[in-house]
Every structure is written in structure tokens, then in C-alpha cells.
Number of protein chains: 2
Amino acid sequence: MLRRTDTDRILLAHGGGGSLTRDLIRDLLLPLLGSEQPELADSSPVPGHEDIHLTIDAFVVKPLFFPGGDIGSLAIHGTLNDLAVSGAKPLAVAVSFVVEEGFEVDALKRVLRSAGEAARGCDVRIITGDTKVVARGDADGLFVITGGVGAVVRRVLPSGGREGDAILLSGSIGEHGVAVMSAREGIAFETSVESDSASVWPLVEALLRGGVEIRAMRDPTRGGVAACCNELADSSGVSIVLDEKAIPVKAGVAAACEMLGLDPLTVANEGKVLFFVPERDAGRAVDLLRSLPTGHSAAVIGRAVSRRDHAVYLTTRYGGERIVEMPYGEELPRIC
Amino acid sequence: MLRRTDTDRILLAHGGGGSLTRDLIRDLLLPLLGSEQPELADSSPVPGHEDIHLTIDAFVVKPLFFPGGDIGSLAIHGTLNDLAVSGAKPLAVAVSFVVEEGFEVDALKRVLRSAGEAARGCDVRIITGDTKVVARGDADGLFVITGGVGAVVRRVLPSGGREGDAILLSGSIGEHGVAVMSAREGIAFETSVESDSASVWPLVEALLRGGVEIRAMRDPTRGGVAACCNELADSSGVSIVLDEKAIPVKAGVAAACEMLGLDPLTVANEGKVLFFVPERDAGRAVDLLRSLPTGHSAAVIGRAVSRRDHAVYLTTRYGGERIVEMPYGEELPRIC
């Protein structure tokens, strides 16, 4: 159990979305919960009703309010996105609040309003909920947990990527993580960076409707594009070569990462998707994504290749090559 | 907003399942989330797939382990029960963990194993999950949040109760609350009391299969039978007269409530159901419930009557009558 760490206590890094999170899921959660799934996917089909997917996600982001969003809208988008990247059109959301005694009612109102607006903006209904209050000091203000159900349009598994596939990214990276970090640390960067928090369903739907064969996809949240590529490479049994020059990074994010000592590839996104598509569909897929506001900087950023190590490589701006490791997990706690 | 309290801070009582929780839901959650539901029901049909119900519930019980259960099994049973009392057969569960840094891996293993066993015991699969870790001091050990989906067998609304209906209770009351309080306070009572945490679906299914017309039902969790009866009376537009002599209370629970100054009617249950059924079906319904292990002490405990105040009355053991008020909410924090 938890072989890589041999710890008898849960570490902050267990929640970071990197290799330690993966170990926790594979070594503890799956065997002890008795799940028959090979892995706890972002969302899974309901037994007996395989056309319906179920997902759940807890949001513990700190601070609760950040440029471009807050815990309310994030909790809606995050859960819708877990459905979307499985190929399921989001239908309804359930919201649970764990509130610390003494939390400001005005702040709760802002969060509720924001969650409601996000749901309406995504044409999804919040149909049920739950509220628990714990004593002062027993939680940090507010946690929001969302469950969601969606209807499968075309089921896409993370294992479907193949050698030769083009790797597409729906837009520029690192904005959510940088926005939260700047709010948390009270840092202002030259260019202000806003979270990209948004539903990715319109992006997925555009490709499905346009007849693009999506072989695998995932949203690069905790652990960023680095974790996401490593997971997809591992699940699909391929290696990936990314082209640093092709990866869109806004100037503000680049500057902030430089200042904070972060690799933009490991910083969380909350409105982006990484797609594996057949080479022949790549150009059309980019055009379809770019026709949407949230996909305007979509690009082909790499290729799936047949090297045996199932690793992720980056061809750097200067022509070198480095391995993009699976992040360990402690870089950015409470980013979502 | 929050008229009854005029507070600008969330109080512990907002989470107690009493009138303050009801106000929070009616005055804040429903309007600001923009839900079109008249109330946030225990579980609700998915738009476009009305035969499928979705629910969510957060568990913050303290301590995590108590006689008769723990947060893992409780989180499974609680969410299955939200589906069951809407008339939906539970199909699948999603589990989310919010863990405090430093939490013992061995305790987490016990919880995971218990959740897995509870799900298997209820013939339901845990199909997806999520884990977040927050820094030491930012949560109290472990919170578990479960989402669930079920297939509607016969949709039952809390508003279906009618004047003249018999009120049935599936078994003795107060065991969960007393078990948790005794573990929390380290009190040993003469007779040890175990939580009644269990799935109520077999009870509901027995009545549905037996052709009993269930007009309304709910599980008396936070706020106990007192809150549950007040909610059902309010939703159905009837008053209720309960017969104290008919309400099953085990000796250990009675003694503990006496000692702790609690009214057993306000203490939480986690494996019981309160049913409204037509008088003609009452005897058969009790027989059907008693044929099951979790329903062996089922009884008719009262009647729905036509008094205009939609209140709950108790005919006491000594022949008097008193009003059973909706609990305010601060009696037993973190009971589930």
C-alpha cells in the first residue's frame, strides 16, 4: 500500500493530482472500496443504465474568490468537465456544502449566486443539494462538492490513444493555477491573469458533431498538462512528444511561472481539453475548436509515438529534448 | 433572507436539520442557486431522464468510528436512503474524500473497507470517486461526500400524505444519535446502543412489491422523527397525531436521552423510514416490514388528521397532548 512513500499519514501531496494521488487511488481506494473499475475514471457509466454517467468532485480551492471565478462556478464547471471528457453531455448537478461555523452569509450568497449562474450558463440544472455545518476550526470556511450526471453521446476512454495520433490542446495553459496562486499570495503580475474556469462540453460537442474521431481526451486540471499527458500515455500505451513552441502560454502566465518557479506544464487548468485525434482529422479539429470562444487558441501540440517507455517528451524551444515527468503532487495544494 | 435569525454568520444550528436548516434552504439556497424545484428534495429526477434520480450528501460525523458503524458505511447508507425514500432503487454511488493532512492511513483504510463492504451489502457499486487533501487544521480529519443515482420504481413525494392516513415507523428510534454521542463524549450507558445505520431500500421495496400504497415517506435523520413529521405534515398539508406509547424506543436509548437531556423524537436515525399509508393498508404494511430484519419492530405510531395548523401532536403516555415542535437545529451537531 502506498508503496512509493511508505507513509502512515496522508500528505498534502496525496491530493496534488500527481503520482502520489495516482498511487493513493490505485493502491488504496480501488482495492478497498472494492470497485471493479480498472481505474476511478473522471466519470463512469451507471450499471444497468450505461447511457448515463455519474461523477463527483470536491472543491477546496483557497482562496474562495479569485480572478475569473470562485468556488461556486468552479464546482459547477469542474463536475461538468468530468462528464464532458468521458463523452457525456452534462444534464444535472447536485451540490453539497460543508460550511464552517461563523462563515459569512454574504460570502455564501456570492458563492450560491455564482454556482447558479454557472449552471444556467451551461444549460444544466442544479436539482438537489445538502448542507452541513461544522464547528469553528473544523473546516476552512467552505468546501463545495458537486455530483453530476450526463448522457453519453460517444463514450471516450483514456485508453483509446494510438501511435501516430495528433495531440490537440484546446487553448493556452496555466491560467487557473496562476490566478488562484496570485489571489492566495496577494501577488499582482504585470498582466493580470484570470482563471480559465469554464465548461468544456461545447468544445467536445463541436468535435463530435463535426465527425472528428476523438480517440482519447482529458481535462488537464491538477498536475496540469504534464500529469494529463502522462496519464493518457500510460492508459493508451504510447509515448508522447510535445513541441514546446506549439504550446500556447499567455505572457502573464509565463511571467508568473518564472517568478514563482513553476513549470506551466504542471499548473492547473479548468477549462481546457487535451485530445488524441487521428492525424487526418487534426486540421479540421483545430478549426472546429477555434470557431468557439473558449477554443480560439487551440493548437496541435504534439504526437503520440511508439517508444516503449510510455513517457512524455518535450522538444524544447531550443531544439533539445527533455522528459516531462508526472508531477509528484505537492507543487500547488488547494488549487481546485 | 434567513429571516428567523437575521444573522450575518452561519451558525452551527444551520446544519442541524431543523427549522434553521429549512430556512437556509428556502431563503438562500433555492433562490440563489436558481433551482426550479419547490424544495431541495432528498433526491430528484434528472431532466430528460426522469426515471433516474440523483442525490448528494456530505458526512461530517464526529467521531469517525462509533458503535454500529463509521463514516464510511454511514456515507453509503445515507445516500442510498435519500434515493430509497423517493421511491428509487439505488444503482450506483460516487464517493469523495476531503482529508486533512496528517490523517492516519490506517484509519482511512478502515473507512474505505467499511464503505466498500456497505456498498456490496446493498448490492450497489461504487463507480467513481475523488480525493482532496487540505493542510493540517483546515479540516477535522476526514469528510466523506457521496453522490448516488437510482432508478425510480414508484416516485413518492413528501406532499402525498392525506387526512386519515396511518403513520408507520419502520423501527425503534434514536439509536444512531445516541451511539454517536456516546462515542463522542466517551459515555458508557447501562445497555450499549449501536447505530441503526442501514439501507432502508429493502423496507421500501417490500411495501412497493406488496402492493401497499405509500403516499409519502422520509427517513428521520437529522432532527429525528420530530423534524421528519413536521416536514411531512407541512408538505402534505395535514396535521399529525402521534401516540407516544406506540413509538418504539429501546431501553438504552431512553436511558441515554434521559441522562443527556434529549428528546428521543429529535435524535437522528440512519436506518428507519416514516411512511404515510392508507388506513386500509396499515396492518399489512406493518406485517411486511416486520418480516425483514431491519423492520422487526415496525409499528403504526399515529394518524394524519385534518387540523388546520399542519402541526405535529403527541398523545403522551399519560394521556395528555403536547405539540412536537420542529427542532431549531443545535441539539446534536455533526451527528451525520
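In the predicted model, the two copies meet through the same surface, because 100% of the interface residues of chain A are also interface residues in chain B. The contact takes 83 residues from chain A and 83 residues from chain B. Between them, the two chains bury about 7,000 Å², of which 67% lies on carbon and sulfur atoms. Within chain A, the residues that lose the most area to chain B are Ile10(A), Leu33(A) and Ile56(A), which together account for 10% of what that side buries.

The arrangement of the copies was examined by superposition. Chain A is superposed on chain B by a rotation of 180° with 0.0 Å of shift along its axis, at an RMSD of 0.0 Å. The two copies are thus related as by a two-fold rotation axis. In chain A, the C-alpha nearest this axis belongs to Ala139(A) and lies 2.1 Å from it.

Polar and charged groups also pair across the interface. Between chain A and chain B, 10 salt bridges are found. One salt bridge joins Arg222(A) to Asp130(B), with the closest N and O atoms 3.3 Å apart. For polar contacts, the count between the two chains is 24 residue pairs.

Both helices and strands contribute to the side of chain A that touches chain B. The elements giving two or more residues to this side are the helices α1 (19-33) and α3 (105-121), together with the strands β1 (44-46), β2 (49-59), β5 (88-100), β6 (125-134) and β7 (142-152) of chain A. By class, this side of chain A has 44 nonpolar, 19 polar and 20 charged residues.

Technical notes. Residues are numbered from 1 along each chain as its sequence is written. Chains are lettered from A and ligands numbered from 1 in the order in which they are written. This is a predicted model: local features need pLDDT of at least 70, side-chain atom pairs count only at pLDDT 80 or more; totals for chains, interfaces and linings use all residues. Side-chain values use heavy atoms; hydrogens and water are left out. Copies are superposed by least squares on the C-alpha atoms of residues with pLDDT of at least 70 in both. Contact means heavy atoms within 4.5 Å. Buried area is the accessible area (1.4 Å probe) that two parts lose on being put together, summed over both. A salt bridge is a side-chain nitrogen of Lys or Arg within 4 Å of a carboxyl oxygen of Asp or Glu. A polar contact is a pair of N or O atoms within 3.5 Å; within protein, one must be able to donate a hydrogen and the other to accept it, and residues adjacent in sequence count only if both atoms are side-chain atoms. Helices (H or I, at least four residues) and strands (E, at least two) are DSSP runs, numbered from the N terminus. Ala, Val, Leu, Ile, Met, Phe, Trp, Tyr, Cys and Pro count as nonpolar, Asp, Glu, Lys and Arg as charged, and the others, Gly among them, as polar.
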